[in-house]
Amino acid sequence: MTASFSERVLAGDPRAIARAISLLEDEAPAGADLIRAIFPRTGRAYLIGITGPPGAGKSTLVDRLAAEIRRRGQTIGIIAVDPTSPYSGGAILGDRLRMQTHAGDPGVFIRSMATRGHLGGLAHATGDVALVLDAAGLDVIVIETVGVGQDEVDIVRTADVSVVTLVPGTGDEVQALKAGIMEIADIFVVNKADREGADRTMSSVRSTLSLQSYGPDDWRPPIVKTEATSGAGVPELLEAIAAFRAYAEKTQNIRRRERSEFRLRELVSHRFMDHLETRVLAPGELSQLVERIAAREVDPYTATGELLTRALKAEN
Ligand SMILES: Nc1nc2c(ncn2[C@@H]2O[C@H](COP(=O)(O)OP(=O)(O)OP(=O)(O)O)[C@@H](O)[C@H]2O)c(=O)[nH]1
Ligand SMILES: [Mg+2]
């Protein structure tokens, strides 16, 4: 990798950033080289994670947030992750509209990412893409993703603040609870406030939250009512984010440490499996082992023990 490439990324060159993101998505070795080069210059941007069910209005809301953040003189990077439907193009379509709104504004960088079939690496790639935008000097980075499973929870966990978006009358609160999303929410948004039942959804979330036990110093997630299409409630959402940021200042280091640990563990397991499959095992050997476990010929513990022994032997 040429030094000028990372320099261009650091200077915020949109074409260099776009190329960097493609390298990271493809898990190209040059992507890892770039992260090595830029990492010392990261850690400055504020990361906002926004999740919620499909069609909750996340993109519309992010668009409004972007406008408000720009109005306040800050720059913003938006990463729309679509882990569920790489081919439906929901996120991509939303981005097209969004790109039109912010076209020609160098203070807004927008990128969408789809899974291309490998779910596991997505959270890791998203974290690296956030590092790139951070190094490029953007003040705020928003990661938007559909909240349905663990992978999405992991994505949101890479953020400084997690916003969970719900809509009236769909029973999303219950779904969110099931998916474990409730636990990661720092702020709740009830969007589509113009719709019937918004207040009922508000009180339903409120009563769900009241079942949680909080210590005197614990953050209690506020519930913000928004109408993304008109922009109503968006300044209040930014205020809630600012309040959380101020609250978390004291605990920020703990959170960043947890995030660093999460990323390290994830990267090591990812790299280890990769090493195992490409350097230690013969092609197809891993899937044969999987078959044998499924057929009850070997148990997963014995299989793991064998793999570990072989991987370590291969090293010596
Ligand atoms: N009535 C009403 N409609 C809204 C509101 N916010 C968004 N919508 C509409 O809801 C639809 C979905 O909005 P998006 O912003 O694309 O939702 P999303 O959550 O990003 O959707 P996915 O990324 O596909 O999961 C669009 O037709 C929006 O215009 C709102 O406050 N009120
Ligand atoms: Mg969207």
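Visitor: How many bridges join strand β6 and β7, and in which sense do they pair?
Guide: Strand β6 (residues 187-190) pairs with β7 over three bridges, in the parallel sense. Two strands pair if DSSP finds at least two bridges between them. Strands (E, at least two residues) and helices (H or I, at least four) are DSSP runs, numbered from the N terminus. Please note that this is a predicted model, in which local features need pLDDT of at least 70, side-chain atom pairs count only at pLDDT 80 or more, and totals for chains, interfaces and linings use all residues. Residues are numbered from 1 along each chain as its sequence is written, while chains are lettered from A and ligands numbered from 1 in the order in which they are written.

Visitor: Which residue of β7 is the bridge partner of Phe 188?
Guide: That partner is Ile 223. Phe 188 also touches Val 164, Leu 166, Val 205, Pro 221 and Val 224, besides Ile 223, leaving aside residues up to four places away in sequence. Contact is defined by C-beta atoms, placed from the backbone, that lie within 7 Å.

Visitor: What is the order of the strands in the sheet?
Guide: The order is β3-β2-β4-β1-β5-β6-β7, in an open sheet of seven strands with parallel pairing. At its edges are β3 (108-114) and β7 (223-225), each of which pairs on one side only. On average, neighbouring strands are turned by 20° against each other, direction ignored.

Visitor: And β5, how many of its residues are buried?
Guide: Six of the six residues of β5 (residues 161-166) are buried. The term applies if 20 or more other C-beta atoms lie within 10 Å of a residue's own; 12 or fewer make it exposed, and values in between partly exposed. Val 161, Val 163 and Thr 165 cover one side, and Ser 162, Val 164 and Leu 166 the other.

Visitor: Which residues face each other across its pairings?
Guide: Strand β1 (residues 46-52) is joined to β5 by four bridges in the parallel sense, and Ile 50 has Val 163 as its bridge partner there. Four bridges also link β5 to β6, again running parallel, with Thr 165 opposite Val 189.

Visitor: Where is Ala 159, and why does it count as buried?
Guide: Ala 159 belongs to the loop between α7 (150-157) and β5. It counts as buried because it has 24 C-beta neighbours inside 10 Å. Leu 47 is 112 residues away from Ala 159 in sequence, yet their C-alpha atoms are 4.8 Å apart.

Visitor: Changing topic, which residues have the most contacts inside the largest nonpolar core?
Guide: They are Val 132, Ile 141, Val 142, Ile 187 and Phe 188, in a core of 64 residues. Helix α6 (residues 122-135) supplies the largest share, seven residues. Such a core is a set of buried Ala, Val, Leu, Ile, Met, Phe, Trp, Tyr and Cys residues joined through C-beta atoms within 7 Å. In soluble globular proteins, nonpolar side chains tend to be buried together.

Visitor: At what angle do helix α4 and helix α11 pack?
Guide: Helix α4 (residues 58-71) and helix α11 (residues 234-248) pack at about 75°, with axes 10 Å apart. Axes are lines fitted to C-alpha atoms, for helices over the stretch in contact, and angles run from 0 to 180 degrees between N-to-C directions. The two helices are therefore roughly perpendicular, a term for angles of 65 to 115 degrees (under 35 is roughly parallel, over 145 roughly antiparallel, the rest oblique).

Terms used: Contact = placed C-beta atoms within 7 Å.
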